Amino acid sequence: MNAMTKPEQQAVQGHDSEDFNTSNNPSITDVIEARLSRRSLFKAGFGTAGTAVLGSVALTACGGGSDAAPLPAAPVDTSVKLSFPAVAKSTADVLSVASGYTATVIYGLGDPLTAATPEFKNDGSDTDYDNRAGDHHDGMEYFGLNAAGTGRDVNGSDRGLLAMNHEALTDQFLHVAGVTANPRPAAEADKEIPAHGVSIVEVRKVSGKFAYDKASSFNRRITPLTPMQVNGVARGNALMKTKFSTSGNDCRGTINNCGTGYTPWGTFLTGEENWAGYFTRSATDDAARGGVTAKSVVSLNRNGRAQGAASRHGWETAGTADKYARWNIGQTGTSADGTDDYRNELNTFGYIVEIDPYDKTQAIRKRTSLGRFAHESAAFGKPAAGKPLAVYQGDDSRGEYIYKFVSAASWDA
């Protein structure tokens, strides 16, 4: 997760900053602490300050009990030195690189993705973030193109597609006069919502430097309003039904995208991380759902959405239009299945999302069988013919877990 300002940290009192895990199951922190007690750390020893803790000890953390024999300290090669001078400490709001090196911005907040989109003014007056780079760049993956720019070339190193997450906002910079308190103006919400999500943008090397191509037909933005499919075990489940998708087979958008992954078949994976804080529900919603022991209430509390919890940006206050109403997940309708309100909207977030960066016509899919939690990213193990695929994932909330998913089918390239 990107660093946030103090006001943002104070606003994010949700699943990303508090421990909502009330189970007795050991979290990854518990596992590591049991394996890496202070006693065993000192028994193992670290040689010099340069020894890597993870390299010598912690990578065995999932392997056994708390009283395992200490591992030997990793050897330290004192002959290895940096080949460039260190960058001096500084509080200046600039990017500093070592002497002899250069840094070039390829794709920055607000950069237009179509030839028709105006250049970014960066004065708070810009609109149309559906066609601009979003905020808080995070995980990214590179997908090679052939020299003609007409299709996939996994070895293409001079021309390719950059798939990039836009996790969150420094929203005061998106508006001329800063952020308006609730009720939020629709014009402000209409900037902030699409400034989240994912960019697919073509980049190419010109005269030794990479730059993005504003006119590329591959360019696109995926936002919290982009239609998507629900795939996997949760598809069509009663708890996925909303006013938007009464079948529970579809949903809208992705948000708080953090880490990324690259599938063996060449598609992009993006992880929905701290999604719960974008939603609110009324102070009396527990009773409307059947009381504190109702399964939906237990689930909401487990995910950091207690009744009366304020949303991160107040988008539900921006108007009565559906695109704002969905951020209020209180049970307001009279239907038994939730198809007349957005009580189940939160259930459509918290997944690994798969996107084909080369083909805009392919449906974007939420892979619910990979689990629902605050996804940091998804990493595949090395594919082996005739063997299942393994996907490794981390829950980036306090007191949570790491996961390994193993496919039922075997890999066939």
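Predicted model: local features only at pLDDT ≥ 70, side-chain atom pairs only at ≥ 80, totals over all residues.
1. **The overall picture.** Let's start with the chain as a whole. The protein chain has 413 residues, and 45% of them are buried. Its secondary structure comes to eight helices and 14 strands. As for how the chain folds back on itself, take the contacts between residues at least 6 apart in sequence: 63% of these join residues at least 24 apart.

2. One spot to look at is a nonpolar surface patch of about 540 Å², made by Leu82, Phe84, Leu95, Val97 and Tyr101. If you want a way in, pick Leu95, which is found in the loop between α4 (53-56) and β1 (137-144). Leu95 counts as exposed, at 69% relative accessibility.

3. In soluble globular proteins, nonpolar side chains tend to be buried together. Here the largest nonpolar core has 20 residues, and the members that touch the most others are Ile255, Tyr278, Phe279, Trp315, Trp327 and Leu346. There is also a second, separate core of 19 residues, with Leu145, Leu161, Val198 and Ile364 among them.

4. **Tyr278 up close.** What does Tyr278 contact once its neighbours within four places in sequence are left aside? Three of the names were in the previous point: Ile255, Trp315 and Trp327 are among its contacts. Tyr278 is also in contact with Glu167, Ala168, His196, Asn256, Ser311, Arg312 and His313.

5. **Salt bridges, and one network.** The count of salt bridges comes to 18. Arg159, Glu202, Arg204 and Asp213 are linked in a network of them. Within this group, the side chains of Arg204 and Glu202 meet at 3.1 Å, N to O.

6. Arg281 pairs with Asp286, and their closest N and O atoms are 2.9 Å apart. Arg281 is buried, with a relative accessible area of 2%, and Asp286 is buried too, at 10%. Then there is Asp340 with Arg343, where the closest N and O atoms are 3.4 Å apart. In that pair, Arg343 counts as buried at 7% relative accessibility, while Asp340 is partly exposed at 29%.

7. **Cysteines.** How many disulfides are there? The count comes to zero.

8. **A cis peptide bond.** Along the backbone, stop at the peptide bond from Asn182 to Pro183. This bond is cis, with omega near 0°. Pro183 lies in the loop between β2 (159-166) and α5 (186-192).

9. **Positive phi at Asp128.** Asp128 has a phi near 60°, a positive value in a residue other than glycine.

10. **Positive phi at Ser207.** Ser207 is another residue other than glycine with a positive phi, in this case near 55°. Ser207 lies in the loop between β3 (197-206) and β4 (209-212). Ser207 is exposed, with a relative accessible area of 79%.

Terms used
Residues numbered from 1 in each chain as written. Heavy atoms only, no water. Helix = DSSP H or I, 4+ residues; strand = E, 2+ residues; numbered from the N terminus. Buried < 20%, exposed > 50% of the residue type's maximum accessible area, 1.4 Å probe, protein only. Contact = heavy atoms within 4.5 Å. Salt bridge = Lys/Arg side-chain N within 4 Å of Asp/Glu carboxyl O. Patch = residues over 30% accessible without salt bridge, like charges linked within 9 Å, V, L, I, M, F, W, Y side chains within 5 Å. Areas by Shrake-Rupley, 256 points an atom, 1.4 Å probe, with all protein chains shown as cover. Disulfide = S-S within 2.5 Å. Core = buried A, V, L, I, M, F, W, Y, C linked by side-chain atoms within 4.5 Å.
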